[in-house]
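Trainee: Could you take me through one part of this model up close? I'd like to see how you read it, step by step.

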Amino acid sequence: MHEMSLCESILQVLEQQAEAQQYSKVKTVWLEIGALASVETEALRFSFDVVMQGSLADHAQLEIIEVPGQAWCMPCSRNVVVQQLYDLCPHCGSHQLQVNSGDQMRIKELEVE
Amino acid sequence: MVQIEQDILAKNNRYAAENRRYFGERGMLALNLVSSPGSGKTTLLTETIARLKDDFDIAVIEGDQQTARDAERIRATGVPALQINTGKGCHLDAHRVGHALETLQPKNHSLLFIENVGNLVCPSAFDLGEAHKVVILSVTEGEDKPIKYPDMFHAADLMILNKTDLLPYLDFDSEQCIQYAKQVNPRIKILSLSAKTGEGMDSWLRWLKAELELQRIDYA
């Protein structure tokens, strides 16, 4: 969706952390992106390179850890894996599902110097 | 290696929490209205304001990429409105809404409508501090919108099916549309109305009044 503004937010976090964690260059960024976070990882990679140009993370490598979507099925009383928000429960076919994982987008770890 | 474990939207979420506190302290009801362009959001707003403005204080924040046309339409109804032009941006963020509040200075116990940029994708991820996201879908759009743009329907608490006066001229399948919306979000509430003819407006007004009343409760 708005991968460019997400990358700008990432850069802001990197710049803020540079002072606190005392680094001047970011070599690798690990992101955790949920399958239900509505982030297009290819668009994110493209925007990442563009936004990081000339910054402390210029030419940094982007590593994306994809987290599967998970929801609690109320009729089955258990967690099930979902690919989309409109998926039905793979066991009972109900749509009474509450997403409880896989909608996150987090910066997990950095390799810095 | 540095572990940072930070949410990418953490900054927006901090501003959203500030806005939410602002609304809470003032007993205000803030609603984030989202839809595709042309769903009739602004007409729904002007018709709603005309029916409520004698009994409630109302203010509006309008988000559009360009022009102040929508804010002008709202001001013509006699309530304060502030236009935010997002320029190249595709959504409102909590920081800009916070700034708008400083200028707009809404009254205590007022009803604040935040009309987001017409876009069913990006605004779903940006919390503005609102009590509810209200998604507006017009019957001219096709009943499969909720499953084509599931994020927004998943994030909304209320869906308004607008322009129902046009149903006799269209192949729109309302029942199927409602079923799709509930498939994406089993908790979503749905109202059908025509802002133009006024049919169904009564339920929407009752929902707004009930929600406003809830904001007046002082919890321990």
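**A close look at A:H2**

Mentor: Let's start with the neighbours: leaving out residues up to four places away in sequence, A:H2 touches B:C90, B:H91, B:C122, B:A125 and B:F126, where contact means heavy atoms within 4.5 Å. Keep in mind that this is a predicted model, where local features need pLDDT of at least 70, side-chain atom pairs count only at pLDDT 80 or more, and totals for chains, interfaces and linings use all residues. Residues are numbered from 1 along each chain as its sequence is written, chains are lettered from A and ligands numbered from 1 in the order in which they are written, and side-chain values use heavy atoms, with hydrogens and water left out.

Now, where is A:H2? Look in the segment before α1 (3-21) of chain A; helices (H or I, at least four residues) and strands (E, at least two) are DSSP runs, numbered from the N terminus. With a relative accessible area of 3%, A:H2 is buried (buried means under 20%, exposed over 50%, partly exposed in between, with a 1.4 Å probe and protein chains only).

There's a record to check too: an unreviewed UniProt entry lists A:H2 under "binding site". UniProt positions are given in the numbering used here, feature names are shortened, and annotations may be inferred rather than shown by experiment.

While you're in chain B, have a peek at B:E5 in strand β1 (residues 2-7). B:E5 isn't a glycine, yet its phi is positive, about 45 degrees, and at 32% relative accessible area B:E5 is partly exposed.
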